[in-house]
Amino acid sequence: MRVPVIVDFSSPLSPSPSPPTAPRRGAVPAAATTIAAVHTVLPPHRYPQEDLTEPIGDLCLPPGADRAVLRRLHASAGVRTRHLVLPIERYAGLGDFGQSNDAWMAAGLQLGEEALTGALKKAGLGPADVDLLVCASITGVAAPSLDARLAGRMGLRSDVKRLPVFGLGCVAGAAGLARVHDYLRGHPNDTAVLLTVELCSLTLQQRDGSRANLVAGALFGDGVAALVARGSGSGSDSGCAGPGAAGPSVVATRSRLYPDTERLLGWDIGAGGFRVVIDAGVPGIVRDHFGRHLRAFLAEHGLTTDDIGTWMCHPGGPRVLAAVTDALGLPGDALDSARRSLAAVGNMSSASVLHILQSIRESRRPEPGMWGMLMAMGPGFCSELVLLRW
């Protein structure tokens, strides 16, 4: 089965003077990580949002139930189209968690291989060049993990280092990139790959009319993304082929856990698999805390929000994007790249922010020297910030 790829998107700026303790504005630190390539793969079953509303109602609601809330959620989610890993009529036949997880495994391996192959090709590299493979997913489980199965399937070296990650959810695209950067600072001659496999539709709970399940059914789509990163000593400037090969570079990262927020976002795991937890308090937490923490992080590097030319935010939904915009005092169009991604493919959990990054690198191509901020939030409740420089 051949899988189509969709992308599109983003925003501009100029630097301002920095204090003596901050990194020089015109230079990226010697230990910086270069993002050599990003590649997104989407499943072939693409649906307009309005064509999914009633079938998802059939799946989640009992016969005769009022569908007013369902229809309102689908209309206000900011989603125009989504890609599903299975034809929509197949979901009713997934009788239990085992069958859903088997579907995740089969499709995850296929789509993961396509994403990894595409990203490595863009970077001018092959499977034998990979020193570390980080594989993040919150929509299925396996042991041996997907990364172990892909290593043999794709011909990665037998000494490749692997790190399967479960539980980070939507934040894993940003957090995975941050941890890859940490690794490459200590192994500057290495090449690391981040793979995010999120088949969110397989977690939809049948006969569950809770608001959280209906929100998930209105918002989430399926997708897989791979990012290739190279350390400062790996010859990254000359070893990359394809569009956007010159960067960006990761300059710094910041993680943040918010106390007493564990029940805001995540899974309740039971016989039916992953039952989504989405609390209406998420936008409030973002408004109350996110702006202060991000500004403090930027200040450590002699920057303010005005210095950021490209904002890449995980598209958690319209209310979350509005909260981020308010918390940071951003112009109304600053997060348009996230809104376009949400409209085109829905919220793909950890793969979404990489989808946005790919589209900016390959379509917009920011000017050399432009600062970027890649950010996401997820279960914990937590946030992850990645400061970039083109």
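Strand β4 (residues 132-136) and strand β5 (residues 161-165) run parallel and are joined by five bridges, where strands and helices are DSSP runs (E, at least two residues, for strands; H or I, at least four, for helices) numbered from the N terminus, and where two strands count as paired if DSSP finds at least two bridges between them. This is a predicted model, in which local features need pLDDT of at least 70 and side-chain atom pairs count only at pLDDT 80 or more, while totals for chains, interfaces and linings use all residues. Residues are numbered from 1 along each chain as its sequence is written, and side-chain values use heavy atoms, with hydrogens and water left out.

Within the pairing of β4 and β5, C135 has P164 as its bridge partner, and the two strands together with helix α4 (residues 146-154) make a right-handed β-α-β unit, right-handed meaning that, with the strands pointing away from the viewer, the path from the first strand over the helix to the second runs clockwise. β4 also pairs in the parallel sense with strand β6 (residues 191-199), over five bridges, and here A136 is partnered by T196. Five of the five residues of β4 are buried, a term that stands for under 20% relative accessible area, with exposed meaning over 50% and partly exposed in between (1.4 Å probe, protein chains only). Both faces of the strand are covered, with L132, V134 and A136 on one side and L133 and C135 on the other.

These strands belong to an open sheet of nine strands with mixed pairing, in the order β5-β4-β6-β7-β1-β8-β13-β12-β11. β5 and β11 (308-313) stand at the edges with a single partner strand each, so one side of each is left without a neighbour in the sheet. Strand β1 (residues 33-41) is joined to strand β7 (residues 222-230) by seven bridges in the antiparallel sense, and V41 stands opposite V224 there.

What does helix α1 (residues 49-60) pack against through its buried residues? Its buried residues are Q49, L52, T53, I56, G57, L59 and C60, and they fall within an arc of 155° seen down the axis, so they line one face of the helix; the arc is that of the directions from the helix axis to the C-beta atoms. An α-helix has 3.6 residues a turn, so residues three or four places apart point the same way. The buried residues of α1 pack against β2 (45-48), α2 (68-76), β3 (81-84) and α6 (211-219), contact meaning heavy atoms within 4.5 Å.

The loop between β12 and β13 holds G380, which is partly exposed at a relative accessible area of 24%. Leaving aside neighbours within four places in sequence, G380 is in contact with L257, Y258, T261, E262 and L265. The peptide bond from G380 to F381 is cis, with omega near -15°, and another cis bond leads from A143 to P144, with omega near 5°, P144 lying in the loop between β4 and α4.

Most residues other than glycine have a negative phi, and most peptide bonds are trans. R207, in the loop between β6 and α6, has a positive phi near 55° and is exposed at 52% relative accessibility. D260, in the loop between β8 and β9 (265-270), likewise has a positive phi, of about 60°, and is exposed at 74%.
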